Amino acid sequence: MSYFRPTIAAMKGYIPGEQPKPGTSIIKLNTNENPYPPSPQALEALRALDGEWLRRYPDPFAREFCEAVSDALGVPADWVIVGNGSDDMLNVVVRACGEGSDRTIVYPTPTYVLYGTLSAMQPAEVIEIPYPSDFALPIDALVAAKGAVTFIASPNSPSGHVVLLDELRKLAKQLTGVLVIDEAYVDFSEYSALSLVFEFQNVIVLRTLSKGYSLAGLRMGFGIANPTLLEGLFKVKDSYNIDAIATLVGTAAMRDQAYKNACAEKVKTSRSRLTLDLINLGFAIAESHGNFVLATSTAKRAEDLYLELKNRGILVRYFNQSGLDDKLRITVGTDEQNQRLVETLRDLF
Ligand SMILES: *Cc1c(COP(=O)(O)O)cnc(C)c1O
C-alpha cells in the first residue's frame, strides 16, 4: 500500500526553476526575478527589526500591509487577503472552491503550470482550453467549461501577452464560478483589470511582491476582492501564513511605490532592447508585457541552446512540452546581463 492518497501518488510534483547558490557567478534569467535590489526602505525595515516582533505570533491578517496596499492601490483595506507568496493565494482558492468533477478548475493554456499542480493535489478536475495562435481569449469555451474557478494570468507567462479589460469583463459577466485574474507581472505592464473587483462579486485579482518589488525570497503575495468572497478564503488559509518579517518588510516595500516604478521602467526599457537584439539574432518574439520574453528559436533546437547557455553560465527557462519546446523564456536582466546573453548566443550561432 502507498503511504499517499491515490491522487498524490499519481501526480507529478511542480518543478521550480533551478536556483543556484547565491554568490555563484551564474547569470540567472530563468525564474523572472527582478534584477534590481529591493527598496532601500524595505531593507532598512529589515535591519531595524525588533526581536519583540519575532517573539510574538504575527497578525493573522497582516493589517499593516493591507493598509499600505489600500494607500498604494486605492482599494479598501478589508478587501485585501495576504499570502505566503501569491502561490499560497492560488492554493487557498483551489482548496476553497475546487473539488472532484463537479467543481472543476479551468484555464487557458499555455499558462502558469502551478494551476494544474494545485488542482491535482486538491483533487479537482482540470479543464484546459488551448489559446489560439493569436492568444485571443477563448471566452465561449471558458464559459462552457463551467469552472468553479477560472484562472487567467495577465500578463500571461510564458507568452507575455495581456488579456484586455473588456475581454475579462465579458468573461466575468458570464461565469458563475470565481474568476481569478493573476497579475503577477502587472508592474511591467500598462494594463490591469483591478477595477473589475468593484464590478463583479466573483472576481479576485492576485498580485505578488516577488517580481515588481524584487522580493521573491520574502514570500509575499495578496489578493483583492469583495469581503464576501474573501470570507470563504479566510476560512481556508493558515492562520499565520504571513510571518512577522514579511509583514514588516513587505509593508515598507509597498509604501515605496516610487522605487518599484523606477525599477520597472528600467526593466521595460531593457526589454525593448533585448527584444530587438534577439530578433536580430533570428529569434521570433511576440510583444511581452512581463519582465521576460518568449523567444522562438528558428536556427537551432531550443533545448540545445538552453543546455549550451547553461554550460556557459547563463540560465534561461526551457519547457519540455508541446507548443513550447521550440522556445526559450528569458527573464529581462540588467543591460549588462542581457548583453552577455546576446553575445553568448551570437557566439553559439
Ligand atoms: C511568479 C508567478 C506567481 C507566483 O508568485 P509568488 O508570489 O512568488 O508565489 C504567480 N503567478 C504567476 C503567473 C507567476 O509567474
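A disulfide needs the two sulfur atoms to lie within 2.5 Å. Please keep in mind as we go that this is a predicted model. In this model the number of disulfides is zero. Cys66 counts as buried, at 4% relative accessibility. Cys263 is buried too, with a relative accessible area of 3%.

From here, let us turn to the sheet. Seven strands form an open sheet with mixed pairing, and their order is β2-β8-β7-β6-β5-β3-β4. At its edges are β2 (80–83) and β4 (124–130), each of which pairs on one side only. From one strand to the next, the twist averages 20°. Within the sheet, look at β6 (residues 178–182): this strand runs parallel to β7, and four bridges join the two.

Another helix worth a stop is α6 (residues 114–121). Is this helix largely enclosed by the rest of the structure, or exposed? Six of its eight residues are buried, so α6 is largely enclosed by the rest of the structure. The buried residues are Leu114, Tyr115, Gly116, Thr117, Leu118 and Ser119. What do they pack against? Their partners are α5 (86–97) and the strands β3 (100–109), β4, β5 and β6.

Now follow the chain out of β7 to Lys211, a residue with an annotation. UniProt, in an unreviewed entry, lists Lys211 for "modified residue: N6-(pyridoxal phosphate)lysine"; such annotations may be inferred rather than shown by experiment. Where does Lys211 sit? You will find Lys211 in the loop between β7 (203–208) and β8 (221–224). Lys211 has a relative accessible area of 16%, and since buried means under 20%, Lys211 counts as buried. Setting aside neighbours within four places in sequence, Lys211 is in contact with Thr31, Asn32, Asn34, Ala184, Tyr185 and Phe188. With one of these, Tyr185, there is also a polar contact between side chains, at 3.3 Å.

Moving on past β8, we come to Asn226, in the loop between β8 and α10. Asn226 is buried, at 6% relative accessibility. Its side chain reaches the backbone nitrogen of Thr228 at 3.1 Å. Not counting residues up to four places away in sequence, Asn226 touches Trp79, Phe200 and Gln201.

Our last stop is helix α10 itself (residues 227–236), which holds Gly232. Is Gly232 buried or partly exposed? With a relative accessible area of 30%, Gly232 is partly exposed. Gly232 can also be placed relative to another glycine, Gly98: the two are 134 residues apart in sequence, and their C-alpha atoms are 13 Å apart in space.

Terms used: Residues are numbered from 1 along each chain as its sequence is written. This is a predicted model: local features need pLDDT of at least 70, side-chain atom pairs count only at pLDDT 80 or more; totals for chains, interfaces and linings use all residues. Side-chain values use heavy atoms; hydrogens and water are left out. Buried means under 20% relative accessible area, exposed over 50%, partly exposed in between (1.4 Å probe, protein chains only). Contact means heavy atoms within 4.5 Å. A polar contact is a pair of N or O atoms within 3.5 Å; within protein, one must be able to donate a hydrogen and the other to accept it, and residues adjacent in sequence count only if both atoms are side-chain atoms. Two strands pair if DSSP finds at least two bridges between them. Axes are lines fitted to C-alpha atoms, for helices over the stretch in contact, and angles run from 0 to 180 degrees between N-to-C directions.
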